[in-house]
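Subject: Structure for your review

Dear colleague,

Please find below the structure that I promised to hand over. My notes on what was found in it follow directly after.

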Amino acid sequence: MSMNSKVEKIIENIEKVIIGKREAVELVIIALLAEGHVLIEDVPGVGKTSLVKALAKSINASFRRIQFTPDLVPSDVVGVTVYNQQKKKFEFKPGPIMSNIVLADEINRTSPKTQSSLLEAMEEKQITVDGVTYPLPKPFMVLATQNPIEYEGTFKLPEAQLDRFMIKIEIGYPSEAEELEILANFEEKNPLEELKPVVNAEEVIKMQEEVKKVYVEDIVRNYIVNLVSSTRKSKAIRLGASPRATLNLMRSAQARAYCQGRDYVLPDDVKALAVPVLSHRIILRNEEKFEGLDERMFIKNIVDTTKVPVVRRYA
C-alpha cells in the first residue's frame, strides 16, 4: 500500500528542513494524528526546534515556544487573570499554551510545579485558571525537548508527566552525506523561513477523526495487552507501563496504519511503535542497569519474545 497522500505531503515538506530523519518525522506525524504528545530527548543542535517549527508551518497551525527556565512559574505557561480598571472586571490573558503546536523547550530545566502546569492541558485539552476552565485550540500538541547529557540545574520529569507523552524520540546526528546536504541547503538561505503549508488545521482534525475509525481486530488488541502486561510482570522492572500506555500503543498503531494507507491495524504496526511508546514509561531496577540493560533494550526484548498473532484476514 502506498503512503497516505496527505501524510506524505506533510513529511516531504518537513524533510525540506530536516534532512535524513524520516523515522523521527514519521513518529511525530503519527503522534499528531493520534492526538498525542512527543518528548524529544537529544543533544543540542540536531534540529529539535526546527522539526517542531517545520511541523507547525506545514499544517498552517499556530506555534508558540516556551523556554523552560528555573524561574518560570505556572502563570507564564497557562496565563493569568488581571483586573481591567476601565471595564471594571477581570479578564483572562492567555499564556503560550493557547496554541496548536507548543514547544516546551528544555522542559526539565524548570521546577516540578511549573512542569505540572502542563498536565491538565496535555491530558484534557483544557486549562483552569482561577477556577475557570478554558478549552485549548484544535489540533493541540505539546512537543517537549530535553538534553540527555547535561543534568546540572535540571529537574527530572516525574513518572506522571512522562506518561502524558505518547512517544519519545531521538533525532540523532546526521551521516556525513546528510550533513553535506544540510550545508548545501542552508548555504544561501534558511529553508524553514520559506516553508509553505501543505494542509490546514481543519484537514488535520479530519484526519485525526479518520484515525479513530481504523479497525483494530480483537487478536491485535490482545497482542497489545500482552506486550504491556509483560512490562508489569518482569522481575527486572520496578514500574511497569500504565493502562494509558496500552491505549497510546493502540492509538499510535491506528495512526501508523492510516499513514500507510490502511484502514486496519497489523501486528507490525504495534511492533514498530512498542519501543517509542513504552520505553519512557517503565523504570528498570538498578541491578539491571548495572548489567548494561536500558529501557529500549528491555522493550525490544519483550517484543522479540512475545508471540506475534497471525491476522489471516489480511494475509
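In these notes, helices (H or I, at least four residues) and strands (E, at least two) are DSSP runs, numbered from the N terminus. Under that naming, helix α2 is followed by Glu-35, whose phi is positive, near 60°.

The model is predicted: local features need pLDDT of at least 70 and side-chain atom pairs count only at pLDDT 80 or more, while totals for chains, interfaces and linings use all residues. Residues are numbered from 1 along each chain as its sequence is written, and side-chain values use heavy atoms, with hydrogens and water left out.

Helix α2 covers residues 22-33. Its 12 residues should span 16 Å at 1.5 Å a residue, and the end C-alpha atoms are 16 Å apart, which agrees. The expected span of a helix is taken as 1.5 Å times one less than its number of residues. Nine of the 12 residues of α2 are buried, so this helix is largely enclosed by the rest of the structure. Here buried means under 20% relative accessible area, exposed means over 50%, and partly exposed lies in between (1.4 Å probe, protein chains only). The buried residues of α2 include Val-25, Leu-27, Val-28, Ile-29 and Ile-30.

Helix α11 (residues 243-259) has 17 residues and reaches 24 Å from its first C-alpha to its last, close to the expected 24 Å. This helix is mostly covered, with 12 of its 17 residues buried. Among them are Leu-249, Met-250, Tyr-258 and Cys-259.

Salt bridges

A salt bridge is counted when a side-chain nitrogen of Lys or Arg lies within 4 Å of a carboxyl oxygen of Asp or Glu. A search of the whole structure finds 20 of them.

Arg-244 forms a salt bridge with Asp-163, the closest N and O atoms being 2.6 Å apart. Arg-244 lies in helix α11 and Asp-163 in the loop between α7 (159-162) and β9 (167-169), so the pair ties together parts that are 81 residues apart in sequence. Arg-244 is partly exposed, with a relative accessible area of 25%, whereas Asp-163 counts as buried at 11%. Both residues belong to a network of salt bridges that links Glu-123, Asp-163, Arg-164, Arg-244 and Arg-281.

Glu-209 and Lys-212 form a salt bridge with their closest N and O atoms 3.3 Å apart. These two residues are three residues apart in helix α9 (residues 201-212), and are thus separated by about one helical turn. An α-helix has 3.6 residues a turn, so residues three or four places apart point the same way. Glu-209 counts as partly exposed at 39% relative accessibility, and Lys-212 counts as partly exposed at 39%.

In a further salt bridge, the closest N and O atoms of Lys-189 and Glu-194 are 3.5 Å apart. Lys-189 is partly exposed, with a relative accessible area of 46%, and Glu-194 counts as partly exposed at 46%.

Backbone geometry

Most residues other than glycine have a negative phi, and most peptide bonds are trans. Glu-106, which is not a glycine, has a positive phi of about 50°. Its place is in the loop between β5 (101-105) and α5 (112-115), and Glu-106 is partly exposed with a relative accessible area of 26%. Lys-125, also not a glycine, has a positive phi of about 55°. Lys-125 is found in the loop between α6 (119-124) and β6 (126-129) and counts as partly exposed at 25% relative accessibility.

A cis peptide bond joins Lys-138 and Pro-139, with omega about -10°. Pro-139 lies in the loop between β7 (132-135) and β8 (141-146).

Positions along the chain

Lys-9 is found in helix α1 (residues 5-14) and counts as partly exposed at 42% relative accessibility. The C-alpha atoms of Lys-9 and Val-198 are separated by 6.6 Å, although these residues are 189 residues apart along the chain. Ser-234 has its place in the loop between α10 (218-233) and β10. The C-alpha atoms of Ser-234 and Phe-63, 171 residues apart along the chain, are separated by 41 Å.

With kind regards
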